[in-house]
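The following exercises concern the structure shown below. Work through each task before reading its solution.

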Amino acid sequence: MRVPLLALLVLLLITSLVEAVEKPFNFNETPGKLPKEVVPTEYAIRIIPNLGNFTFSGNEIVKLNVRSPVRELVLNGLELKIEAASIDGKDLPLTAIRTDNQKELLTLTLPSEFSAGDHALTLRFTGKINQQGQGLFYMRYQEHGSGARKVMLGTQFEATDARRFFPCWDEPAFRARFQLSVVVPENWLAVSNMPIESEQKIGDGKEVRFASTPPMSSYLNVFVAGELDSIESRVGPTQIRVIATKGKAELGRYALEASAEILKYYNDYFGVPYPLPKLDQIAIPGGFGGAMENWGGITYYESVLLFDPQNSSAATKQSIYEVIAHEVAHMWFGDLVTMAWWDNLWLNEGFASWMGSKCTAHFNPQWEVWLARELPRDPTRRSGIAKEAAMEGDARSTTHPIQQPIATEAEANSAFDDITYKKGQSFLRMLESFLGEAVFRDGIRRYIAAHKYSNTTTADLWNALSEASNKSVGEIAAGWTEQPGFPLVTVKREADSRVRLTQERFTANFKNAPPLIWQIPLTYSVVGETPATLLMTDKTAVLENIPADRPLKLNINGAGNYRVEYDDRSWELLVKALPTLGVEDRVNLMSDAWAFVQVGRSPASLYFRLIEKLPASIDLAEREQIINVLDFVNGLLVGSSEREKFQGYARSLLRPTFEALGWVPKPDELPNAGRLRASSISALGYLNDPETIAGCRERFEKYLGDPASLSPDLRAPVLAVVGRYADEKTWNKLHELGLKTTSIEDKQNYYNALACATDPKLVKKTLAIALADELPTSRAIFLVSRVARDSGHPDIAWEFAKTNMKALLAKVDAAGANRYAPSLFTFFSDDSRADELRNYAKKNLPHASAPEVAKALDEIQFRAEFRDRFVSQLPALIHGGVK
Ligand SMILES: [Zn+2]
């Protein structure tokens, strides 16, 4: 067959891209700054924190294996002052030590050449205890019950901050044993990766010595200490504990039970039992906002670990389970086997996200884990169904492949994004459903057994899965992990019961995107019949024997990471068959339809006519998909004269569901009804629905007198609606309640409500809280993003942030530093703001922020274009909508 020259060139380009397959793990060839001639094998570290001035002093002895003769030692250190050094027992003059702050390196010139073999390095140093979650940090908090102001310590090292705690070879492939000793006040509990080996009184405190870890990466070290309590149980030989500040450990009961269930599941799934003697889940009341998989000592921001049966919502319960399942999966994927370099971060994060969801869904089918949108809604990310959020970003020009080159520390910290986590997760789910659950698990067991206590690249995982499945997994996977974007498959009916499928790259706001091709593990079925699979390896494929009058659905259950566009005839048949489709397939059609509207492939009516034809149901995922879309448009239309009209239309779509649910739970309602009631109230309140607003105010008044009168599920939405329409008196009341409570969940609800206030005077009052001392640092800084999104005044939020940027950035951790300022622009839909961001970035932001700036610029442009297009279609939409 003749191929036109241009097409041939394109094909060659595509082929060369996909075939740039990486090699299995090889220590010498692993990227990084540190020379590979010297390898640390054992660290003995002793740290003495000084709580008076938030500094610490420390010393360490590092056993080194020198693989070939060297004249200098190069290791990582940051914001540490080296006070003494010796090598093999001989002192080194301080002039022999060079500190490069920019490269975060320490270079020690040796008095003479080091021969190959074993050596020992001893260092004495001092460092600082940070306010934000970077290296060793302190947290101030109110003690449960007494309300007394207390302080405690914690660490956060991933990606590259272990080097702020002790000088080390701080790259993941340099595995070593770590033995930590710390000096803390006598009434403190100290926790690290391993159990306590000994304790002895020293001065007015005590010295705690922890057992040595197995060989692991430096970023997995942990140290937490304070006035802490714990509860515990066992799973086989493993002691499991939940640790929290004094008085709160019992709130860890749910987490303890969940951890036991999850640990047993993984012991079986991975085929290698959890290898450490203990596994702690540690709740910390500030410092950072998420959770961190330190081996044997996982840290969590308190609200994603502690559950109060009287006062916590069902959504909190679910997010606790999901986060624990994600973090515990890392004990194998990440800790026992670690990615060789940050370019393969997805091996940790995509896998833990997939495994955590799989385990959560296994034990809690009622939660519709694969369908549910993200919880809790994170103000720094576009809300949406997890897979959808990743696909939205992946369609833009600013996306990147799952595997991307990482040269600097800042790039490593920026790699923690939706593509790494959610596209990674989504691809693994598609691959598992293609290879089969049992075959996939067999491949994972081979992988863990072959690489335990070592490092890997993505190629090692594909090799294990290829052996288990006898399929060339690496070839299928390359297109998904090594090139950006994802495919759109178009469906076209032809004569003789044939259906032609064509793939192209799906893009949004991205002109002249380079064309790409994927090996797509397609699933399809004639509705009502058994699904079939097809590995689509070329630009087109043909399905035979599809009756012309029967509906055909591709991407069964929406498990695949691609979109499907049907020709008119196929779409009509599918819409008619809607009531017979499962909820997963309906949500998949809705998500694809909305994506086509957003990128301008279809008019808005495609989506809205579809949802008007949905069978009456109160299915959570389906309704939340709609709420998500309406929320997004409602936010986009702030300040537009068309907003009121849209709100009326949107209310007419949501009210029937809420009326069926009612304000008060019914004894026999579906398990998800509570969650849907909460999202409906929040959405209708946002849409200015007078009855909902009045209902929320009434319940708030009652709640003030009797907090138990408002069910935990409804607190967040009711308070948010009250906050949105608050006058100064109500604002003050909410603020007073927030100041007083020691429950992190209640506190969060009150401050989130403050962030919703739309009165500019109150918006400014809320923003000022970000600079005060009343919220944990990680929450204080996100208050600004919340205001930008929820108040409808991103302009006031940005003015405030610009004026106070230095103070705000002092509270941001490493992962957030590059994206903080640009992220505040993603709530604008006005082109003039793009220029403002460009100018601001040029003058104020480091080079490492460039990708985040590009994403924000793209988002502003996308929102501006989409808003205008949507407004022009609105009249037809509303008048055409007969309900
Ligand atoms: Zn993770």
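Predicted model: local features only at pLDDT ≥ 70, side-chain atom pairs only at ≥ 80, totals over all residues.

**Exercise 1. A mixed sheet**

Task: Identify the edge strands of the open sheet of eight strands, and describe how strand 4 and strand 5 pair.

Solution. 
Step 1: The strand order is 5-4-8-2-1-11-14-13, and the pairing is mixed.
Step 2: Strand 5 (90-92) and strand 13 (196-202) are the edge strands, each pairing on one side only.
Step 3: Here the twist averages 15 degrees from one strand to the next.
Step 4: Strand 4 (residues 81-87) pairs with strand 5 in the antiparallel sense over three bridges.
Step 5: Within this pair, serine 86 has aspartate 91 of strand 5 as its bridge partner.

**Exercise 2. The zinc site**

Task: Which residues coordinate the zinc ion, and which parts of the chain do histidine 330 and glutamate 349 tie together?

Solution. 
Step 1: The donors are NE2 of His326, NE2 of His330 and OE of Glu349, at 2.0 to 2.1 Å.
Step 2: Along the chain, these donors follow the spacing H-x3-H-x18-E.
Step 3: Because histidine 330 lies in helix 3 (residues 314-330) and glutamate 349 in helix 4 (residues 345-363), the pair ties together parts that are 19 residues apart in sequence.
Step 4: Both histidine 330 and glutamate 349 are buried.

**Exercise 3. Core and helix packing**

Task: State which residues touch the most other members of the largest nonpolar core, and which helices the buried residues of helix 23 pack against.

Solution. 
Step 1: The core has 280 residues, and Tyr266, Trp332 and Phe608 touch the most other members.
Step 2: Helix 2 (residues 253-270) gives the most to this core, contributing 11 residues.
Step 3: Beyond its neighbours within four places in sequence, tyrosine 266 has contacts that include Trp332, Met355 and Cys359.
Step 4: In helix 23 (residues 794-803), the buried residues include Ile796, Trp798 and Phe800.
Step 5: The buried residues of helix 23 pack against helix 21 (760-769), helix 22 (777-790), helix 24 (805-809), helix 26 (820-823) and helix 27 (832-844).

**Exercise 4. A loop proline**

Task: Is proline 237 buried or exposed, and where does it lie?

Solution. 
Step 1: Proline 237 is in the loop between strand 16 (228-235) and strand 17 (238-245).
Step 2: Its relative accessible area is 70%; the cut-off for exposed is over 50%, so proline 237 is exposed.
Step 3: Proline 237 lies 41 residues from lysine 278 in sequence, while their C-alpha atoms are 8.4 Å apart in space.

**Exercise 5. Confidence**

Task: Which stretches have pLDDT under 50 or below 50?

Solution. 
Step 1: The protein averages a pLDDT of 92, and 95% of the residues score at least 70.
Step 2: Residues 1-19 stay under 50, with 12 contacts beyond four places in sequence.
Step 3: Residues 374-384 are also below 50, with 32 contacts beyond near neighbours in sequence.

Terms used
Residues numbered from 1 in each chain as written. Heavy atoms only, no water. Helix = DSSP H or I, 4+ residues; strand = E, 2+ residues; numbered from the N terminus. Buried < 20%, exposed > 50% of the residue type's maximum accessible area, 1.4 Å probe, protein only. Donors = N, O, S within 2.8 Å, 3.2 Å for Na, K, Ca; no water. Contact = heavy atoms within 4.5 Å. Core = buried A, V, L, I, M, F, W, Y, C linked by side-chain atoms within 4.5 Å. Pairing = 2+ DSSP bridges. Axes fitted to C-alpha atoms, helices over the stretch in contact; angles between N-to-C directions. pLDDT = per-residue confidence, 0-100.
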